[in-house]
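Open your viewer and get ready to select a few residues. We will walk through the ligand site and then some aromatic rings.

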Amino acid sequence: MDKTSAIYVAGHRGLVGGAIVRALEAEGYENLITRTHAELDLTDQAAVRAFFEAERPEYVFLAAAKVGGILANSTYPADFIRENLLIQTNVIDAAYRNGAKKLLFLGSSCIYPKHAPQPMREEHLLTGPLEPTNEAYAVAKIAGIVMAQSYRKQYGFDAICAQPTNLYGPGDNFDLETSHVLPALIRKFHEAKLAGEPEVVVWGTGTPRREFLHVDDLASACVFLMRNYSDEEIVNVGVGEDVSIGELAEMISDIVGYGGTIVYDASKPDGTPRKLLDVSKLSSLGWRASIGLREGIEGTYQWYANRSHA
Ligand code: GDP
């Protein structure tokens with residue numbers, strides 16, 4: 001990938017795509033191709049084909065996806081499976097047919113079985129039943145991985161797959177109904193502080209454990225993999241450490257400067273008990289995360305607070 005290569009970042013308005021564009025621009029890549037959702041509907045096969053025929057990108061970062069937290073995933077499973085299958089099928093196929101040199105597909109740590117041994121290694125894919133709260137999304141992502149691997153096997157297309165753990169950072173979705181836990185808690189603690197509310201409600205029991213990766217670290221790993229990895233096996237991208245939801249809530253409460261109490265609502269689902277990635281494969285390739293959780297949350301909180309007062 002040269003500084004002048006034609007690089008298409010699908011989903012550049014999203015958390016991940018936006019961070020990949022920032023990372024590429026910071027490194028001097030000057031020929032980036034992007035399209036907003038209004039300009040190009042990636043679920044529309046004919047539109048995607050026409051776009052690829054016209055632009056013929058050499059490198060494709062497939063960061064466009066329908067994503068959401070535990071409530072959105074369990075409420076709208078049909079939307080999650082349909083949109084993700086369409087987007088990824090259209091983009092992977094059109095990239096291959098129009099001569100792309102390489103494509104990076106982004107999966108998710110929820111592709112691993114609910115009771116996979118922890119930390120989860122790449123070879124645990126397809127070894128057991130999935131977590132029911134996000135099964136539809138996970139099945140779509142698994143189909144994308146197998147599609148990328150199949151295009152490599154049958155056509156020799158250099159499609160690689162990265163599996164990020166739970167992500168967060170500036171540009172995240174802070175809608176309480178559809179977001180993931182970390183932005184939801186930033187918002188809940190911030191609003192409770194401003195309103196002087198005595199308690200903040202955290203869903204579930206607080207005992208599930210999650211690993212959180214700053215999206216700028218993910219973007220750095222994606223650029224690294226695009227440059228340095230060309231193989232069939234998926235690659236985990238994480239930090240290699242996790243925290244309980246209770247510990248996360250306390251850390252965010254502290255960063256926000258909230259003085260009240262934390263209450264757990266056990267009527268809301270916990271989801272999978274733990275999903276920690278084993279990142280030894282990526283470490284052995286030469287990449288490691290560099291943004292600590294506290295530092296990353298502080299930056300994200302600043303971004304959110306500035307924006308919510310704008
Ligand atoms: P998951 O990693 O796919 O389960 O997705 P989430 O980030 O949505 O949820 C992670 C964990 O945080 C689950 O155990 C949730 O029940 C818990 N959680 C606690 N409070 C919240 C909240 O306000 N929003 C969300 N999305 N999850 C929360």
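This tour starts at the ligand and moves on to ring pairs.

The model is predicted: local features need pLDDT of at least 70, side-chain atom pairs count only at pLDDT 80 or more, and totals for chains, interfaces and linings use all residues. Residues are numbered from 1 along each chain as its sequence is written, and side-chain values use heavy atoms, with hydrogens and water left out.

**Stop 1: the ligand.** Now show the backbone: a polar atom of Ile-70 is 2.8 Å from a ligand oxygen, and one of Asp-270 is 2.6 Å from a ligand oxygen. On Trp-203, a polar backbone atom lies 2.9 Å from a ligand nitrogen.

**Stop 2: a ring pair.** Next, select Phe-80 and Tyr-137. How are the two rings arranged? They are edge-to-face, 6.1 Å centre to centre with 85 degrees between the planes (rings pair if their centres lie within 6.5 Å; planes under 30 degrees apart count as stacked, over 60 as edge-to-face and the rest as tilted). Phe-80 and Tyr-137 are both buried (under 20% relative accessible area, with a 1.4 Å probe and protein chains only).

**Stop 3: another pair.** Finally, select Phe-174 and Tyr-304, which are stacked at 4.5 Å centre to centre, with 25 degrees between the planes. Phe-174 is buried at 6% relative accessible area, and Tyr-304 is buried at 6% too.

How values were computed. A polar contact is a pair of N or O atoms within 3.5 Å; within protein, one must be able to donate a hydrogen and the other to accept it, and residues adjacent in sequence count only if both atoms are side-chain atoms. Rings of Phe, Tyr and Trp (its six-membered ring) pair if their centres lie within 6.5 Å; planes under 30 degrees apart count as stacked, over 60 as edge-to-face and the rest as tilted. Buried means under 20% relative accessible area, exposed over 50%, partly exposed in between (1.4 Å probe, protein chains only).
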